[in-house]
Each structure stands twice: as structure tokens, then as C-alpha cells.
Amino acid sequence: MGNISGAAGRKKSVASRHIYYMNDRWEPVPKERATLCEIVEFDEEGRLADSVIKHCGPGASLKGIYRTSGLIIGTGGCFQGRREETPPAVWTVVGRASSANIRIIGKGSESVSRQHCSIRYIHKKNNFEVVDTSSNGTFVNGKRLKRGLVSLVPCGVELALGDGWNRLRLDRVYV
């Protein structure tokens, strides 16, 4: 179907493209009533290659283009008040290790493993995948995720790490 720029400027082949139409409240609407359209492209293996949100309708050429990314917000503990934006489909490692993308260090991090969990935003599904790799657990609404398995978690949900003092809210951002 075409090529798009991927990570580090490499070109990715696009096998299919889907267009979704929305109003200003991000609700699905018929094409004729849409003010926003989302263009989602997939590679030959069905993996997300790119996603763009554009204004459509009258005056569309005067408005910008938006991309969605995952957003991890510290709501409690060592990461409280901090935000980390994550590109779609890229794993983000959370833990105490120096190699972790989001480091949970300092007083109160004792129940957080070196590589506690991995998180990635899945734009196509508008949610996150979380894999718990910890000894003390990763919890959603008080329920422990199964260790080593991918769990689907919706946007807006808060993860509790270990003893629950360290908490992260999973959301999305339009950039």
C-alpha cells in the first residue's frame, strides 16, 4: 500500500489502512458529521505501523495533526507527580533497575522488583498491555495480575506495585 517512516527513520511497509471518523468528543460518527479522523496503518504481519489523528471537514487544512501515545502518570509513591509518555506498541519497563525506563527508587521502593512490570500502549485497542514480572505483584483494582502473562488494561486505570504504595495511572495523550 505504501511506506511510512518508522523508528530511527527506517521505512516500514504499510499493508492496510483504516480510517475512523469522530466528533470533537472522540465519539464515533458518520463521515459526514466528523470533525476528526483517525488514520491507522498496519504492516504485512498485522502489527500497528502508525496512527495519526487529523482534523477533517471545513477548514481542516488549517488545523494540525495529532498522534496518540501512552501516558504513565505517578499517582503515589516514588514516581508521584511525574509523567512518562510512551510511543504506541513499545514496551516500557518499570522497576528499580538502572536499565528500567521508569525507575522506582528511594524510600518506599522496597516492595518494587528490579524489573517489576512491562507496559505498552496499544492504540488500536485504546488500552494497555501489562506483564507482571515481579515477586510482590502488580495489582489492578485490588486484583493481582498473573505473573508472566499479558493482561489487557483499559486507559484510566491505576496500577499498584508491590505493597500498593507506588501507584501508576495509565492514560493516553494526543501529541
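The model is predicted: local features need pLDDT of at least 70, side-chain atom pairs count only at pLDDT 80 or more, and totals for chains, interfaces and linings use all residues. Residues are numbered from 1 along each chain as its sequence is written, and side-chain values use heavy atoms, with hydrogens and water left out.

Start with the sheet. It is open, with 5 strands in the order S10-S9-S11-S12-S15 and mixed pairing. Strands are DSSP runs (E, at least two residues), numbered from the N terminus. Two strands pair if DSSP finds at least two bridges between them. Strands S10 (102-103) and S15 (150-154) stand at the edges, each with a single partner strand, so one side of each has no neighbour in the sheet.

S11 (residues 117-122) and S12 (residues 127-132) pair in the antiparallel sense over 6 bridges. Arg-120 stands opposite Glu-129 in S12.

Asn-127 belongs to S12. Its relative accessible area is 11%, and buried means under 20% (1.4 Å probe, protein chains only). So Asn-127 counts as buried. Its contacts (heavy atoms within 4.5 Å) include Arg-120, Tyr-121 and Leu-152, not counting residues up to four places away in sequence.

Asp-132 also lies in S12. Asp-132 is buried yet has no salt bridge, meaning a side-chain nitrogen of Lys or Arg within 4 Å of a carboxyl oxygen of Asp or Glu. The nearest side chain of opposite charge, Arg-144, is 4.3 Å away. Lys and Arg count as positive, Asp and Glu as negative; His and the chain ends are not counted.

Technical notes
Helices (H or I, at least four residues) and strands (E, at least two) are DSSP runs, numbered from the N terminus. Buried means under 20% relative accessible area, exposed over 50%, partly exposed in between (1.4 Å probe, protein chains only).
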